[in-house]
Amino acid sequence: MLKKIDLKNKTALVTGAGKGLGKACAIALAEAGAKVIILSRTKSDLIKVNNIIKKTKGSSQLFVCDVTNLENFKKVLKKINRLDILVNNAGNNRPQHFIKVSQENMEYLTNLNMRAAFNVAQLCSQKMVEAKNRKKIGGSIIHMSSQLGRVGCEGRNVYNMNKFGIEGLARGMAYELAPYNIRVNTVCPTFVETPMVKKFFKNKKFKNKMLKNIPLGRVAKESDVATAVAFLAADSSEMITGTSLVVDGGWTAQ
């Protein structure tokens with residue numbers, strides 16, 4: 001029997017939800033029926049996402065929060081009564097050649113992409129296991145990883161390091177949270193039509209070189225990634241944990 005992507009009566013938290021993939025994931029989860037809690041550093045971005053969700057008759061609640069500020073994130077979690085799904089999405093990249101990577105950029109990216117991702121995942125896991133019926137209803141944690149958590153790429157050494165780390169984190173979490181029926185997976189996109197990637201692709205030489213690495217010959221759409229996230233969030237994927245859903249147009253198949 002076909003299992004549908006149905007998130008009714010589920011509460012999902014999405015970090016970095018103001019723009020790009022986080023925004024797309026929040027909207028998709030709301031469309032699937034979840035009550036969505038959206039986090040970002042920029043209130044104006046969150047208000048726009050919140051309005052879109054309301055227009056689709058979805059349910060959302062917004063919090064302005066920098067996930068690198070552990071104490072602020074703890075305060076947000078205290079305001080949430082229940083949590084079933086986490087989309088651990090907040091992240092960034094500052095491309096530099098390896099021998100030119102500055103300590104400032106290395107520390108900034110690692111603090112956001114790894115340290116904050118770990119802290120958010122740990123705190124949300126603790127919140128999830130508080131539910132007395134957790135084993136019955138299950139839970140899902142989706143880390144936003146990347147194809148660069150599986151292969152290397154020029155100018156992306158710190159990002160490679162961060163995303164390979166997230167892949168390892170997800171597998172360890174999956175093993176330890178399985179007894180609570182909480183599944184943990186990653187989604188690994190190729191380059192996606194987001195504001196950040198559009199900025200990178202202003203370099204036509206770089207854009208053409210990257211497109212040649214994608215057998216399907218195109219970048220991913222935000223909806224491609226958001227749909228994958230919604231699938232992993234729902235009971236439609238209830239036997240999938242400790243793995244990666246690669247949305248890369250065939251890049252890593254080579």
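This is a predicted model: local features need pLDDT of at least 70, side-chain atom pairs count only at pLDDT 80 or more; totals for chains, interfaces and linings use all residues.
Student: Where should I start with helix α2?

Tutor: Start with its extent and its length. Helix α2 covers residues 43–55 and has 13 residues. From first C-alpha to last it reaches 18 Å, close to the 18 Å expected at 1.5 Å a residue.

Student: Which residues of α2 are buried?

Tutor: Burial is judged residue by residue, with under 20% relative accessible area as the cut-off. In α2 the buried residues are Asp45, Leu46, Val49, Asn50 and Ile53. Seen down the helix axis, these buried residues fall within an arc of 135 degrees, so they line one face of α2.

Student: Which exposed residues does the face turned away from the buried side carry?

Tutor: On α2, that face carries Lys48, Lys54 and Lys55.

Student: What covers the buried residues of α2?

Tutor: Look for the elements in contact with them. The cover includes α1 (20–31), β2 (35–40) and β3.

Student: What follows α2?

Tutor: Check the backbone angles after the helix. Lys57 follows α2, and its phi is positive, near 65 degrees.

Student: Which residues is Ser60 in contact with, leaving aside neighbours within four places in sequence?

Tutor: Setting those neighbours aside brings out the contacts made by the fold. For Ser60 they are Val36, Asn50 and Ile53. Two of these names come from the buried list of α2: Asn50 and Ile53.

Student: Now the open spaces. What is the volume of the largest pocket?

Tutor: Take volume, then lining, then class. The largest pocket has a volume of about 1000 Å³. Its lining counts 41 residues, and Asn89, Ala90, Gly91, Asn92 and Met196 lie nearest the centre.

Student: Which element gives the most to that lining?

Tutor: Helix α7 does, with five residues. The elements that each supply at least two residues are α1, β2, α4 (103–129), α6 (157–177) and α7 (195–200). By class, the lining has 17 nonpolar, 17 polar and seven charged residues.

Student: How many cavities of 30 Å³ or more does the whole structure hold?

Tutor: A cavity is a space the probe cannot leave. The search finds two of 30 Å³ or more. The largest cavity holds about 60 Å³ of space. It is lined by 13 residues, with Arg94, Gln96, Leu109, Gly155 and Val158 nearest its centre. Helices α4 and α6 are the elements that give two or more residues to its lining. By class, that lining has six nonpolar, five polar and two charged residues.

Student: What lines the second largest cavity?

Tutor: This cavity has about 50 Å³ of space. Its lining is Asn88, Asn89, Ala90, Asn113, Ala117, His143, Met144, Lys163 and Ile166. At least two lining residues come from each of α4, β5 (139–144) and α6. The classes are four nonpolar, four polar and one charged.

Methods
Residues are numbered from 1 along each chain as its sequence is written. Side-chain values use heavy atoms; hydrogens and water are left out. Contact means heavy atoms within 4.5 Å. Helices (H or I, at least four residues) and strands (E, at least two) are DSSP runs, numbered from the N terminus. The expected span of a helix is 1.5 Å times one less than its number of residues. Buried means under 20% relative accessible area, exposed over 50%, partly exposed in between (1.4 Å probe, protein chains only). The arc is that of the directions from the helix axis to the C-beta atoms. On a 1 Å grid over the protein atoms alone, a cavity is a set of points where a 1.4 Å probe fits but cannot get out, and a pocket is an open set with protein on both sides within 12 Å along at least five of seven lines; lining residues have an atom within 4 Å of a point. Grid points are joined across faces, edges and corners, and a volume is the space filled by probe spheres set on the points. Ala, Val, Leu, Ile, Met, Phe, Trp, Tyr, Cys and Pro count as nonpolar, Asp, Glu, Lys and Arg as charged, and the others, Gly among them, as polar.
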